[in-house]
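Hi,

Here is the structure I promised to pass on. Have a look at it first, and then read my notes below.

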Amino acid sequence: MSRTEIFESVDEAVRGIEDGSTVLVGGFGFAGMPFDLVDGLIRQGAKDLTIVSNNAGNGDVGLAALLKAGRVRKVICSFPRQSDSHVFDGLYRAGKIELEVVPQGNLAERMRAAGAGIGAFYCPTGAGTPLAEGKETRTIDGRVHVLEYPIKGDVALISAHRADTMGNLVYRKTARNFGPVMAAAATTTIVQVSGVVPAGDIDPETVITPGIYVDRVVPVEQRHYTVQGAR
């Protein structure tokens, strides 16, 4: 029996997200960004959020729109700045948002550790740099490693290509990015998809995220964005 709920609207799918939540947001730039769910979160009104994502928003859409709305207290990401990160840049320079920079591999592994129930792990990435300041270190096989802790989410917002009614997901090419690890690392996983098919229509051998990790699914009309972020 599936625990996954299928919703007809984005606003229904994002209901109940609380102020102060840690929200894992999939996407690598525009690839795999759950634009509709983020827009729904803006309308929903939750504030004082900690956002975990690969970057801190592009242009004026998606995460950038959430930041611009003043809903985010802290961003944990790998690449906070790029050519079109003007929303984040302005907020950070004004002291209105906190930032924790995490190397990209560490970011993925810390979320994977949360989903796998791993208490902590040692990793050489970042050793000897400001990113390791204040963290426990240990020399393993002659190389300094840094102790890293899991990143757990209260909610994950991710985008997949297709789901079945049991919540099993498949992604489209690089739009997969952080989706699978975020789905496993969150208490509540909400997924936007381009379509929902009957259980059994997705070959079990091609399922990437099993439905056991998925709580809510909502089908949305696929949207396309230019490099500048215009619709």
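Let me begin with a pairing between two strands: Glu5 stands opposite Arg216 in E14. That contact belongs to a parallel pairing in which 2 bridges join strand E1 (residues 5-6) to strand E14 (residues 216-219). Before you go further, keep in mind that this is a predicted model.

E14 also pairs with strand E12 (residues 186-193), again in the parallel sense, over 4 bridges. Within E14, Pro219 is the residue that stands opposite Val193.

**The open sheet**

There is also an open sheet of 3 strands, in the order E6-E8-E7, with antiparallel pairing. Strand E6 (121-123) and strand E7 (137-140) are the edge strands; each has a single partner strand, so one side of each is left without a neighbour in the sheet. On average, neighbouring strands of this sheet are turned by 40 degrees against each other, direction ignored. E7 and strand E8 (residues 143-148) are joined by 4 bridges in the antiparallel sense, and Thr137 has Val146 in E8 as its bridge partner. Helix H5 (residues 104-116) lies across E6 and E8, and runs at about 170 degrees to E6.

In soluble globular proteins, nonpolar side chains tend to be buried together. Here the largest nonpolar core has 35 residues, and Ile17, Ile51, Leu66 and Leu157 are those with the most contacts inside it. Which elements supply at least two residues each to this core? They are helix H1 (10-13), strand E2 (22-25), H2, strand E3 (49-52), helix H3 (63-68), E4, H4 and strand E9 (153-159). Another core, of 23 residues, lies apart from it, and includes Met111, Ala163, Ala183 and Ala185.

Leaving aside neighbours within four places in sequence, Ile51 is in contact with Val23, Val25, Leu63, Leu66, Val72, Lys74, Val75 and Ile76. One name in that list is a lysine: Lys74, which lies in strand E4 (residues 72-77). Is Lys74 buried or exposed? It is buried, with a relative accessible area of 19%, where the cut-off for buried is under 20%. Not counting residues up to four places away in sequence, Lys74 touches Leu49, Thr50, Ile51, Ile97, Glu98 and Glu100.

H2 (residues 35-44) deserves a mention of its own. Gly45 follows H2 and has a positive phi, near 100 degrees.

**Aromatic pairs**

How many aromatic pairs turn up in a search of the whole structure? The search finds 2. One is Phe30 with Phe35, a tilted pair with 5.8 Å centre to centre and 50 degrees between the planes. Phe30 counts as partly exposed at 25% relative accessibility, whereas Phe35 counts as buried at 8%.

Phe88 and Tyr92 make up the other pair, which is stacked, at 5.6 Å centre to centre with 20 degrees between the planes. Both residues lie in helix H4 (residues 86-93), 4 residues apart, about one turn of the helix. Phe88 is buried, with a relative accessible area of 2%, while Tyr92 is partly exposed at 43%.

**Cysteines**

A disulfide is a covalent bond between the sulfur atoms of two cysteines. The count in this model comes to 0 disulfides. For Cys77, the nearest cysteine sulfur is that of Cys123, 17 Å away, and Cys77 is in no disulfide. Cys123 is likewise in no disulfide, with the sulfur of Cys77 as its nearest cysteine sulfur. Cys77 is buried, with a relative accessible area of 0%, and Cys123 is buried too, with 13%.

That's what I have for now.

Cheers

Methods
Residues numbered from 1 in each chain as written. Predicted model: local features only at pLDDT ≥ 70, side-chain atom pairs only at ≥ 80, totals over all residues. Heavy atoms only, no water. Pairing = 2+ DSSP bridges. Axes fitted to C-alpha atoms, helices over the stretch in contact; angles between N-to-C directions. Contact = heavy atoms within 4.5 Å. Phe/Tyr/Trp six-rings, centres within 6.5 Å; stacked < 30°, edge-to-face > 60°. Buried < 20%, exposed > 50% of the residue type's maximum accessible area, 1.4 Å probe, protein only. Disulfide = S-S within 2.5 Å. Core = buried A, V, L, I, M, F, W, Y, C linked by side-chain atoms within 4.5 Å.
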